[in-house]
Amino acid sequence: MNNTTLYIKNMVCNRCIMVVQDLLGKLGFTVLHIELGKVLIQETPEKADLERIRQALEAVGFELIDDKRDRLIEQIKQEMIQLVHNCNGELKVNLSDYLSEKLHHDYSSLSKVFSETNGITIEKYFILQKIERVKELLVYDELSLNEIATLLNYSSAAHLSNQFKSITGITPSEFKKQKTHPRKGLDQIV
């Protein structure tokens with residue numbers, strides 16, 4: 001029996017991992033390894049099995065990815081989400097080197113494919129992810145703006161504030177004062 005790797009779009013957090021693992025288990029598949037955007041199952045699914053998996057995933061907001069190019073785009077996104085949202089304090093790496101090393105591709109080819117597919121650069125997507133993380137940390141109200149800037153590797157709180165305002169149209173302090181705190185799902189950023 002051969003193992004099969006499934007690539008899944010819109011997995012953005014640990015809850016997504018749990019949902020996908022549970023779903024595949026209920027469909028009768030043995031999950032050997034799972035991470036954001038990628039699942040290794042013990043079985044080799046037939047065409048009908050893949051359709052069942054596809055439908056079950058779509059019912060809960062995920063998407064099975066078949067195309068190599070789409071898989072690469074999803075891997076780029078997953079690596080950046082992981083870096084921004086789960087690797088606190090590790091953002092001091094060079095993004096191009098980080099992605100090249102993680103995905104075993106030349107950065108210029110990753111950048112080209114990403115831009116052509118999403119209509120924005122990898123760097124812009126990375127900034128949008130960082131801004132959503134800033135919003136999350138502002139809502140929690142546990143860290144000062146200086147601490148958030150340090151955590152997300154901004155050169156200063158002023159740099160963070162300027163970038164935040166250029167993306168959202170308001171300052172971080174104005175965002176905190178709002179009664180509602182509009183945030184995007186990580187899978188909705190593009």
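1. Of the 190 residues of the protein, 43% count as buried, where buried means under 20% relative accessible area, exposed means over 50% and partly exposed lies in between (1.4 Å probe, protein chains only). Please keep in mind that this is a predicted model, in which local features need pLDDT of at least 70, side-chain atom pairs count only at pLDDT 80 or more, and totals for chains, interfaces and linings use all residues. Residues are numbered from 1 along each chain as its sequence is written, and side-chain values use heavy atoms, with hydrogens and water left out.

2. Here is the overall layout. The protein has 9 helices and 4 strands; helices (H or I, at least four residues) and strands (E, at least two) are DSSP runs, numbered from the N terminus. Their order along the sequence is β-α-β-β-α-β-α-α-α-α-α-α-α. The C-alpha trace spans about 55 × 40 × 25 Å along its principal axes.

3. Among contacts (heavy atoms within 4.5 Å) with a separation of 6 or more, 60% come from residues 24 or more positions apart. The accessible surface comes to about 10,500 Å², and carbon and sulfur atoms hold 48% of that; these areas come from the Shrake-Rupley method with a 1.4 Å probe, and for residues only the protein chains shown count as cover. There are 24 positive and 26 negative side chains, with the centres of the two sets 6 Å apart. Lys and Arg count as positive and Asp and Glu as negative, while His and the chain ends are not counted; each charge is placed at NZ of Lys, CZ of Arg, CG of Asp or CD of Glu.

4. Now to the sheet. The 4 strands form an open sheet in the order β2-β3-β1-β4, with antiparallel pairing; two strands pair if DSSP finds at least two bridges between them. At the edges are β2 (31-35) and β4 (63-65), each of which pairs on one side only. From one strand to the next, the twist averages 30°.

5. Strand β1 (residues 4-9) is joined to β3 (residues 38-41) by 4 bridges, and the two run antiparallel. Within this pair, T5 has L40 as its bridge partner, and Y7 has K38. Y7 also stands opposite I65 in β4, and β1 and β4 run antiparallel with 3 bridges between them.

6. The β2 and β3 pair is antiparallel too, over 4 bridges, and I34 stands opposite V39 in β3. The hairpin that these strands make has 2 residues between them, and there G37 takes a positive phi near 85°.

7. Helix α2 (residues 47-59) lies across β1 and β4, running at about 135° to β4. For these angles, axes are lines fitted to C-alpha atoms, for helices over the stretch in contact, and angles run from 0 to 180 degrees between N-to-C directions.

8. Which residues of β3 are on its covered face, and which on its uncovered one? V39 and I41 are on the covered face, whereas K38 and L40 are on the uncovered one. In a regular strand the side chains alternate between the two faces of the sheet.

9. R54 deserves a look. This residue sits in helix α2 and is buried, with a relative accessible area of 19%. Leaving aside residues up to four places away in sequence, R54 touches L64 and D66.

10. Finally, two backbone angles to check. Most residues other than glycine have a negative phi. H104, although not a glycine, has a positive phi of about 55°; H104 lies in the loop between α4 (95-103) and α5 (107-118) and is exposed, with a relative accessible area of 69%. N153, also a residue other than glycine, has a positive phi near 65°. The loop between α7 (145-151) and α8 (157-168) holds N153, which is partly exposed at a relative accessible area of 35%.
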